[in-house]
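Good morning, colleagues. I would ask you to look at the sequence and the model together while I go through the strands, a helix pair and the nonpolar cores.

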Amino acid sequence: MPFPDAQALLAPLGPWFEAVKRTLPWRSPDLDLPHPDPYAVLVSEVMLQQTQVATVIPYFQRWMARFPTLSALAAAGEDEIHGLWAGLGYYRRARNLHLAAGILARQGWPADLDALLALPGLGPYTAAALAAQAFQWPTPALDGNTFRVAARLLALEGDPRREAAALRAWLQPALAAHGPSRVTQALMELGATLCAPAPRCSACPLRSACRAHLQGSTDRIPPVLPRARPRSTELYLVAIASPAGWLLRPPESKGLLAGLWNWPWVLAGTAAGAAERGIPYRAGECRAWPGWVQVYTHLRQTIHPLALRLGDPRSAPEGLVWVAAGELAKLPMGKRDQRLREHLAQPTFLPWTAEDWDAALAVLGA
Ligand code: SF4
């Protein structure tokens with residue numbers, strides 16, 4: 001069946017959005033004009049990748065207070081950037097945002113979508129959402145929510161992501177007619193609120209034209225696709241103190257925890273993993289606190305935090321450094337490592353005390 005005219009079908013969306021829209025710190029008061037601060041839109045869209053609006057708001061406000069312009073962000077150091085991002089997760093976003101700010105501060109804002117897409121960390125969704133909201137370009141932004149709305153409006157069978165190009169072409173005239181920023185934000189809001197996986201069609205402004213609603217097929221459109229099960233690991237997160245400070249692993253440039261300091265860790269029960277990490281370890285002999293499960297997108301880590309204090313300083317194993325105790329609180333860390341740092345800061349913290357390094361290594365399995 002051919003697609004219906006998007007311009008007519010989506011006409012009720014703008015007035016509905018005007019009535020329900022929330023005041024957000026990055027949202028322009030006038031949705032018909034280019035945004036007065038495209039940089040704020042960029043920051044918000046990057047923070048909103050994988051993160052809920054309510055979580056993002058305080059991070060956005062702190063970020064904009066510290067880095068109010070592209071040049072301020074471009075001139076900042078990595079440690080401070082990661083410090084402000086700490087707790088928001090997916091730290092590669094912060095690094096890419098920093099890199100993008102450097103490019104934009106030097107070259108200015110691009111004039112087309114392809115050039116936006118070439119910026120670090122901007123995929124098709126983020127680039128299109130930024131272009132529509134910041135510059136009023138009619139560039140449809142399709143993410144999980146908007147794919148779901150479009151699939152139901154058109155009663156598309158199968159995975160709507162396979163129809164991305166056709167859906168963009170379908171939506172584009174509606175953005176041009178009703179305002180790119182307004183329609184983009186309205187579609188996002190509809191997908192996040194009424195057209196959720198369990199939709200509330202009775203309150204929806206599009207219900208009289210929505211094919212899935214009229215056919216009674218919203219429960220199977222879009223189809224729920226099987227998700228890969230997250231990999232599970234179990235590890236010991238080890239805080240070792242000595243008169244020289246705390247033993248830590250400096251930030252790496254790639255990987256899940258890029259740009260962040262982390263505690264040494266060893267895979268639980270694997271002597272080989274322990275040796276690889278430079279920390280001799282014998283399973284089951286030192287566990288300081290009840291553990292927790294740290295969940296990442298593709299990974300579930302069961303964490304056993306442990307801590308010990310050495311009587312005298314020794315040279316750090318390869319890949320680790322001693323950090324002065326007074327510096328610990330300032331280091332950018334991810335949620336997992338922050339949680340152990342918070343344990344250590346509690347007045348009730350009582351690390352196991354080793355008389356010397358050899359005794360510590362004996363506990364850890366030297
Ligand atoms: S009528 Fe229901 S299924 Fe259709 S767009 Fe609205 S909320 Fe979604």
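**Strands, helices and cores**

Strand β1, residues 231-242, and strand β2, residues 245-248, run antiparallel and are joined by 2 bridges. Please bear in mind that this is a predicted model. The two strands, β1 and β2, form a hairpin, with 2 residues between them. Within this pairing, Ser242 has Gly245 of β2 as its bridge partner.

Strand β2 also pairs with strand β6, residues 321-323, in the antiparallel sense, over 3 bridges. Here Trp246 has Val323 in β6 as its bridge partner.

I turn now to the helices. The axes of α10, residues 144-154, and α12, residues 180-192, come within 8 Å and cross at roughly 85°. Because of that angle, α10 is roughly perpendicular to α12. On the α10 side, Asn145, Thr146, Arg148 and Val149 meet Leu187, Met188, Leu190, Gly191 and Ala192 of α12. Sorted by class, this contact has 5 nonpolar, 3 polar and 1 charged residues.

Finally, the cores. Which residues have the most contacts inside the largest nonpolar core? They are Met47, Trp63 and Trp85, in a core of 39 residues. The elements giving two or more residues to this core are α3 (38-48), α4 (53-66), α5 (70-74), α6 (78-85), α7 (92-107) and α9 (124-135). Helix α3 supplies the largest share, 7 residues. Apart from this core lies another, of 33 residues, which include Ala6, Phe17, Ala151 and Leu194.

To return to Trp85: leaving aside residues up to four places away in sequence, Trp85 touches Val46, Met47, Tyr59, Trp63, Tyr90, Tyr91, Arg93, Ala94 and Leu97.

Notes
Residues numbered from 1 in each chain as written. Predicted model: local features only at pLDDT ≥ 70, side-chain atom pairs only at ≥ 80, totals over all residues. Heavy atoms only, no water. Core = buried A, V, L, I, M, F, W, Y, C linked by side-chain atoms within 4.5 Å. Buried < 20%, exposed > 50% of the residue type's maximum accessible area, 1.4 Å probe, protein only. Helix = DSSP H or I, 4+ residues; strand = E, 2+ residues; numbered from the N terminus. Contact = heavy atoms within 4.5 Å. Axes fitted to C-alpha atoms, helices over the stretch in contact; angles between N-to-C directions. Parallel < 35°, antiparallel > 145°, perpendicular 65-115°, else oblique. Nonpolar A, V, L, I, M, F, W, Y, C, P; charged D, E, K, R; others polar. Pairing = 2+ DSSP bridges.
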